[in-house]
Amino acid sequence: METSPRPRVAALALAVGIVLADSSIVVLALPEIYRELDTSVAGVTWVLISFNLVMALAAVPAALLARRVGPGRAAAVGLAVFAGAGLACGLADELSTLIAARCVQAVGGALAVTAALELLPATVGSERRAATVWATAGATGAALGPAVGGLLTELVSWQSIFLIQVPISLAAAVPILAVAKHEAATGVIEPELRETGRPHLWANLALAMVSASIAAALFLLVLLLIEGWRLSPIEAALVVSVMPLAAILSSKLGELVADARSRAAAGAILVSGGLAGLAFLPKATILLTIPPQILVGIGLALVLSALTETALGGRAPQAIHGGWTISSRHAGVVIGLLILTPIFTADINQQRDQAIEAGTAVILDSPVNPLLKLDLAARVSEQLEKEKGKVPTIEPAFEPKPSDPVQRAEVDQLQGELQDQLDRGATHAFSTSFLLAALLGLFALFPIALSRRVDL
Amino acid sequence: MSGEGRLGGTALIVVSVVASLLLVGAYLAAGGSSYEPKQVQDPCQPRPWSNPQSLGQIANQFTISALDGAACQLGVSRETLAQGLATPEARERFTEQYDITDEKLAKAIRAGLVRAVDDAEEAGALSPLLAAPLRQAVQQIPLDQAIEIINDAQGFLGDVEGFLGPAGDLLEQLLPGPGLFG
């Protein structure tokens, strides 16, 4: 292999990061996608679920294939497929096309990520170092995904999230092509496929549960911010970037503690604690989401790396066991979304109806001129009907404002009270889902406790 | 495994538990689990008038009483009815959702208007001289006009005052007591 290790390590880390970012990168774009493609909240979650489901199913077969055809060729082909499918995603004008392209993207991604783990030990010098680089790149990608996706959606379009992946994936493939050429020239050494060893059951199970919890944290928080509190994608991206920032800043924390099981347990507790904090937000205020996000961010940095290291530790070949961790993580995301989507969708509708009734009571009980307040109730009703199935925006119902300053002040106060009812209702609508996600994180403590103690 | 590692691991877990409990405790103490949407009042329960002074205030209370009375008859909340009467489209959705015929709706709204007249009279906001014919009148009016009265009670009461005002002055001279509007 002719290329120097450093660009190759960077390329492999980039490949892993961009593929694993894809499991969450569309989170902030989902509201935009479902408006543009005229679908439902439940329908659009399949843009997220399909990718994660196919990743979960394809990761281990992809690892086996990578060992058979050669990891260099597998990674290069995987990245090319990932890029091509990304282009198709960006050009999709129907939900079904987008979901189909996402499935293909996941197949390419699974091939690239598992092959990268097979290539990394030879590039960085040791399997342990390779596992650390691979897990860190994956965790960073997954954590940064939503913020990057939100920025692109706001600044360009949701399509740009996929289109920008095309040149990046191809750029990551360039240094790997040298390895592929080398494999083609020298032939692939037939791998010893039978000596894969059993996957680490408890670590992978814990990984699935924690991933379900973390995916829920990202997905629910983004929906709360955009659909509940009506933030723009760029504003929501800034808010949720607290989580990856906390994860990156605390990544060295894990190095202070040798015992992977303790790190995993502490991480799971912090993720659950943060989610419980989000479930009990006292007010609909961005500032109050920051402390829970910090806990989730630190928790995910600790738990994902510790569990990945435990699952890979002392096992060979790395690609197959890496495949199992990818499979577990993405299966966890799918399970989390499938469990929580119907719950929070039903809660949003219920809270919306209650908030609307409470808001109408606020209007009717107000001292505003009865003609004006019934007109307002009518306009609010029309606005709500327009936004059926979503958390409503009521500003248009209060426009134009009365010219009389006294009436205008009364209407402004009414709008504030009604908005407060809707905001609190929307915030409360997410509580059960956040709590369930927190419980999923706590349940991960059982497999973590049962996993073999590993010092890394 | 080193002793240092084990100690560090336990400390990390303890710190994580404490941090999580502190956050959740602080949010709960700040009212994080206390959200209850504003409860809507049972429309069948009396809703006392709060001493209205102007025509606008009387109209306000009149509208609320009429909505309460009609909602009570229909077995829905006052808020649901107000939204259901907001526009023709809203009315169609409302009657379909609650399986209410136009006849049933008209009967309920007339009953609501009667309750509004009763409440206004009881609160001293409407003279008995005006309340009696008004009560009779609202029991006969068609559905659309009944809804119009709820939607524009001030206009309706203003018209009544304008129309009956001179007669009221005469009646007040002959029969000393409160005026048309209390």
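# Briefing: chains A and B

Leu130(B) has its place in helix H6 (residues 128-138) of chain B. The model shown here is predicted.

**Chain B: overall build**

- Chain B has 8 helices and 0 strands.
- Read from the N terminus on, its elements run α-α-α-α-α-α-α-α.
- Of the 182 residues in chain B, 38% are buried.
- Take the contacts in chain B between residues at least 6 apart in sequence: 69% of them join residues at least 24 apart.

**Chain B: Leu130**

- Is Leu130(B) buried or exposed? Leu130(B) is buried, because 24 other C-beta atoms lie within 10 Å and 20 or more are enough to count as buried.

**Where chain B meets chain A**

- Chain B puts 43 residues into the contact, and chain A puts in 43 residues.
- On the side of chain B that touches chain A, the elements giving two or more residues are helix H1 (3-29), helix H2 (55-74), helix H3 (78-84) and helix H8 (153-174) of chain B.
- Which of these gives the largest share? It is H1(B), with 15 residues.
- By type, this side of chain B divides into 19 nonpolar, 19 polar and 5 charged residues.

**Chain A: two domains**

- Chain A is divided into domain 1 (1-186) and domain 2 (200-456).
- The C-alpha centres of these two domains of chain A lie 25 Å apart.
- Their contact takes 49 residues from domain 1 of chain A and 43 residues from domain 2 of chain A.
- On the domain 1 side, helix H2 (30-36), H3, helix H5 (95-124) and helix H6 (127-155) of chain A each supply at least two residues.
- H6(A) gives the most to that side, with 17 residues.
- That side of domain 1 holds 34 nonpolar, 10 polar and 5 charged residues.

**The largest nonpolar core**

- How many residues does the largest nonpolar core have? The count is 219.
- Residues with the most contacts inside this core are Ala15(A), Leu111(A), Ala116(A), Leu220(A) and Val222(A).
- Helix H9 (residues 201-228) of chain A gives the most to the core, with 21 residues.
- Both domain 1 (1-186) and domain 2 (200-456) of chain A take part, each with at least three residues in the core.
- Now look at Ala15(A), leaving aside its neighbours within four places in sequence. Ala15(A) is in contact with Ala75(A), Leu79(A), Ala112(A), Ala116(A) and Ala172(A).

**Helix H3 of chain A**

- Helix H3 (residues 41-69) of chain A has 29 residues.
- From its first C-alpha to its last, H3(A) reaches 40 Å. That is close to the 42 Å expected at 1.5 Å a residue.
- Where does H3(A) bend? The bend is at Ala58(A), and its angle is about 45 degrees.
- Just after H3(A) comes Gly70(A), which takes a positive phi of about 105 degrees.
- H3 is also among the helices of chain A that supply at least two residues to the side of domain 1 touching domain 2.

Methods
Residues are numbered from 1 along each chain as its sequence is written. Chains are lettered from A and ligands numbered from 1 in the order in which they are written. This is a predicted model: local features need pLDDT of at least 70, side-chain atom pairs count only at pLDDT 80 or more; totals for chains, interfaces and linings use all residues. Two residues are in contact if their C-beta atoms, placed from the backbone, lie within 7 Å. Helices (H or I, at least four residues) and strands (E, at least two) are DSSP runs, numbered from the N terminus. Ala, Val, Leu, Ile, Met, Phe, Trp, Tyr, Cys and Pro count as nonpolar, Asp, Glu, Lys and Arg as charged, and the others, Gly among them, as polar. A nonpolar core is a set of buried Ala, Val, Leu, Ile, Met, Phe, Trp, Tyr and Cys residues joined through C-beta atoms within 7 Å. A residue is buried if 20 or more other C-beta atoms lie within 10 Å of its own, exposed if 12 or fewer, and partly exposed in between; C-beta atoms are placed from the backbone. Domain bounds come from an automatic or database domain assignment. The expected span of a helix is 1.5 Å times one less than its number of residues. The bend at a residue is the angle between axes fitted to the seven residues ending there and the seven starting there.
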